[in-house]
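Student: I have a model open in the viewer and would like to know what stands behind the words used to describe it. Could we go through them together?

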Amino acid sequence: MRYAIGIDIGGTKIASGIVNEHGDLIQKEVVRSDTSDKEQMFSQVITCVQTLMNHSSIPLSDIFGIGAGIPGKVDRENGIAVFQNNLPWRDFPFTKRISEALGVNRIVIDNDVDMAAFAEWKKAELTETDLFTYITISTGIACSIIQGGEIIRGAGFAGELGLIPITLKNKGTYMERLESIASGPAIAKRGQDLFKDSYITSADVLTAYHKGDAQAEIIIQDLVSSLTQGLYVITSLLDPHKIVFGGSVAVHNPQLLQLVKEELACYLLKEQLHILDHMEFSHFNHDQGILGSGLKVFNSN
């Protein structure tokens with residue numbers, strides 16, 4: 001049995017795990033990110049992996065390779081973390097540095113959403129011709145498109161769903177980017193403005209909505225409307241066979257999917273209605289980033 005280390009790197013936390021070639025997560029470790037500077041952030045990545053291995057009976061010498069999902073733009077061939085909104089790694093030589101630090105030669109890096117999507121695609125067990133889309137709704141909003149195991153990248157920046165402009169019903173023709181309405185921080189910011197409380201979180205807004213609060217209902221209506229518009233763009237452009245949703249906002253609020261489906265059904269033509277039966281939440285409980293990163297090691301040349 002071969003084993004790989006999968007690393008899911010974010011602005012809040014770093015998670016690493018040992019993954020076998022069947023896609024089983026053997027062990028997992030999580031540490032907080034330190035975005036104060038590039039070296040502190042990298043040090044936390046190494047700490048996370050070393051702590052993982054210290055708690056494991058599998059020695060580092062038995063690790064086939066390391067995969068890492070990194071936010072933002074990634075130069076996969078040269079192993080460089082090019083740019084991230086939430087990390088201090090501008091043109092950071094991640095592959096070289098982690099190989100030197102841990103003594104592992106086989107290193108695979110990719111965008112974090114693409115890594116997570118790869119795990120979800122493997123789980124979906126689709127045919128080679130089926131088109132798969134993974135959408136994450138969390139700190140940001142993005143998607144990854146996979147067909148036959150190959151990620152569709154365009155010129156290198158494909159999948160930035162959060163940048164799509166949408167129209168809010170209660171603001172007439174006022175346009176916003178999807179991410180500025182439906183991401184976790186956007187929900188929290190609107191809640192803080194409406195409730196005049198700077199400590200309100202996105203979870204607080206959603207809790208208030210479930211309790212019938214009228215102000216929270218306005219925020220969630222805008223959230224559902226904007227997500228529906230974004231999904232209709234995806235459906236019209238790609239006509240995917242399956243869509244899987246991940247990210248904290250989506251996974252912790254499963255009732256949102258039904259609301260989105262109901263509104264999306266009003267947009268869809270008869271020939272597009274099939275997607276309503278093939279939209280679901282991730283089954284990986286936030287571990288898809290680790291799993292995808294580890295599995296990518298076994299699929300690399």
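Tutor: Gladly! Let's begin with burial: a residue is buried if its relative accessible area is under 20%, exposed if over 50%, and partly exposed in between. Keep in mind that this is a predicted model. By that cut-off, buried residues make up 51% of the 301 residues in the chain.

Student: How do you know whether the radius of gyration agrees with a compact globule?

Tutor: We set the value against a rule, 2.2 Å times the number of residues to the power 0.38. For 301 residues the rule gives a radius near 19 Å, and the chain has 20 Å, so the two agree. The C-alpha atoms fill a box of roughly 60 × 45 × 35 Å along the principal axes.

Student: What makes up the chain in terms of helices and strands?

Tutor: There are ten helices and 14 strands. Of the contacts between residues at least 6 apart in sequence, 63% join residues at least 24 apart.

Student: Why is strand E1 called largely enclosed?

Tutor: E1 covers residues 3–9, and six of its seven residues are buried, so the rest of the structure largely encloses this strand.

Student: How do you know which strands E1 pairs with?

Tutor: Two strands pair if there are at least two bridges between them. E1 has seven bridges to strand E2 (residues 13–20), running antiparallel, and six to strand E4 (residues 63–70), in the parallel sense. In E2, Ile18 stands opposite Ile5, while in E4 Gly65 is the bridge partner of Ala4.

Student: What joins E1 to E2?

Tutor: A hairpin does, through three residues.

Student: What makes the phi of Asp91 worth a look?

Tutor: Most residues other than glycine have a negative phi. Asp91 is not a glycine, yet its phi is positive, about 55°. You will find Asp91 in the loop between strand E6 (80–83) and helix H2 (94–102). Asn285 also is not a glycine and has a positive phi of about 55°; it lies in the loop between strand E14 (279–281) and helix H10 (288–298).

Student: Why is Asp91 called partly exposed, and why is Asn285 called exposed?

Tutor: Asp91 has a relative accessible area of 48%, which lies between 20% and 50%, so Asp91 is partly exposed. Asn285 has 57%, which is over 50%, so Asn285 is exposed.

Methods
Residues numbered from 1 in each chain as written. Predicted model: local features only at pLDDT ≥ 70, side-chain atom pairs only at ≥ 80, totals over all residues. Heavy atoms only, no water. Helix = DSSP H or I, 4+ residues; strand = E, 2+ residues; numbered from the N terminus. Buried < 20%, exposed > 50% of the residue type's maximum accessible area, 1.4 Å probe, protein only. Contact = heavy atoms within 4.5 Å.
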